[in-house]
Amino acid sequence: MFGLTKKVRYAVVAGGQISQQAFMPGVARTNNSEMVALVTGDPVKADKLAKQYKLKAYTYEQYDELLRSGEIDAVYVATPNFLHMQYAVPALEAGIHVLLEKPMASSVEEAEQILAAQKKSGAKLMIAYRLHHEPGTVEMVARARGKEFGELRSFVSAFCQNVAEANSRGHNGYWGGPVPDMGTYPLNAARNLFSLEPIAVHAVGTTTPNRGFNFHDTVAVTLTFPGERLAQFTVSYATASAEFFELVGTRASIYASPAFMFGPKVGIRYVEKTEDGEKTHSFDPVEQFGNETQYFSDCILNDREPEANGEEGLLDMHVLAAVERSLETGETVTLPPRTRDRRIDPKQALTLKPAKEPGEDELISVIPQSA
């Protein structure tokens with residue numbers, strides 16, 4: 001199937017900012033992956049972007065033709081969230097592997113349909129949790145699981161930026177807004193640091209005057225976990241940039257910043273505090289998108305189930321849907337107890353060298369995310 005080169009052939013579905021700025025440059029850092037096709041509805045991207053990367057361009061109307069072509073083994077789906085199911089399900093049904101940007105979908109029901117298609121076909125599905133392969137993040141999760149910080153009690157985080165309303169993220173309702181887009185990061189971090197699933201969710205949202213978003217642009221979320229553990233995070237599309245989390249245990253606390261972002265100059269860093277003093281743990285920048293692609297391709301080539309599979313994505317989706325309900329009702333939403341056997345394995349951490357990231361002014365036919 002893969003020939004002598006042992007490279008997984010990817011089609012990039014949607015040529016927006018995340019594809020152009022991060023995924024497409026990052027693939028070149030891998031030794032087991034290559035891009036061969038681009039799916040876009042934009043004739044400028046179909047010309048210039050496909051030419052830049054020497055890809056064959058397809059329109060969305062030609063997607064089924066691409067899936068049947070025999071020219072690809074996998075797709076990277078980076079459409080707006082509400083279109084994830086529309087492109088993930090046909091690929092899985094065709095036996096094509098899917099690397100799907102997070103959040104998994106724009107409803108729990110859609111996520112369940114994607115997972116059902118994967119289970120039926122046996123094609124591999126991985127949700128693009130790039131930090132599951134970033135060395136600093138993986139180290140913090142492993143140390144937390146090993147109780148090096150004692151019994152964990154509290155997680156507090158903020159992840160905020162100033163987003164242009166004209167960008168696709170600025171006008172597609174709750175599922176295009178800051179909670180699914182940015183809140184997935186602190187949510188996923190808390191779940192993996194605690195190695196537990198939340199049992200209650202409460203959220204409060206505000207809307208900034210004179211901004212044109214059609215959703216709460218700033219949201220504060222409180223999660224209750226088993227064992228009387230609490231996680232709180234705030235996300236915003238209408239503030240200066242901020243990203244950090246603090247994890248507090250009975251033996252130590254850690255403060256991580258940068259904690260969630262990526263880029264050639266972004267290295268994850270955390271400060272550990274104990275009664276004996278402080279210690280700073282700094283990590284070199286890595287190619288986060290190349291890392292996740294290298295890992296997923298390795299799973300495909302060696303027939304292994306990826307860790308951040310559809311089950312991991314669905315667990316986050318249940319919480320994101322509960323946040324939406326809490327914002328609508330003002331009530332605390334109770335979640336049924338859930339468990340997950342798979343967790344981040346320290347062996348998943350990879351150290352590919354960062355690729356050069358195009359600036360927003362170099363992107364082709366994109367309305368930049370930054371306001």
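Me: In which hand does α1 pass α8?
Reply: A crossing is called left-handed if the near helix is turned anticlockwise from the far one by less than a right angle, and right-handed if clockwise. Here α1 passes α8 in a right-handed crossing. The model is predicted: local features need pLDDT of at least 70, side-chain atom pairs count only at pLDDT 80 or more, and totals for chains, interfaces and linings use all residues. Residues are numbered from 1 along each chain as its sequence is written, and side-chain values use heavy atoms, with hydrogens and water left out.

Me: At what angle do helix α1 and helix α8 pack?
Reply: Helices (H or I, at least four residues) and strands (E, at least two) are DSSP runs, numbered from the N terminus. Axes are lines fitted to C-alpha atoms, for helices over the stretch in contact, and angles run from 0 to 180 degrees between N-to-C directions. Helix α1 (residues 17–27) and helix α8 (residues 288–301) pack at about 55°, their axes 7 Å apart. That makes α1 oblique to α8; angles under 35 degrees count as roughly parallel, over 145 as roughly antiparallel, 65 to 115 as roughly perpendicular and the rest as oblique.

Me: Which residues of α1 and α8 meet?
Reply: Contact means heavy atoms within 4.5 Å. I18, A22, F23, G26 and V27 in α1 meet F289, G290 and T293 in α8.

Me: In what order do the 6 strands of the open sheet stand?
Reply: Strands of a sheet pair through backbone hydrogen bonds, either parallel or antiparallel. Two strands pair if DSSP finds at least two bridges between them. The order is β3-β2-β1-β4-β5-β6, with parallel pairing. β3 (56–58) and β6 (125–127) are at the edges with a single partner strand each, so one side of each has no neighbour in the sheet. From one strand to the next, the twist averages 25°. Within this sheet, 4 bridges join β1 (residues 8–13) to β4 (residues 74–77), and A11 stands opposite V75.

Me: Which strands pair with β7?
Reply: β7 (residues 152–162) pairs with β11 (residues 238–249) in the antiparallel sense over 9 bridges, where F155 has L247 as its bridge partner. With β10 (residues 229–236), β7 pairs in the parallel sense over 7 bridges, and V156 stands opposite Q232.

Me: Is R340 buried or exposed?
Reply: Buried means under 20% relative accessible area, exposed over 50%, partly exposed in between (1.4 Å probe, protein chains only). At 6% relative accessibility, R340 counts as buried. Residues that R340 touches include R191, E197 and L315.

How values were computed: Lists of a residue's contacts leave out its neighbours within four places in sequence.
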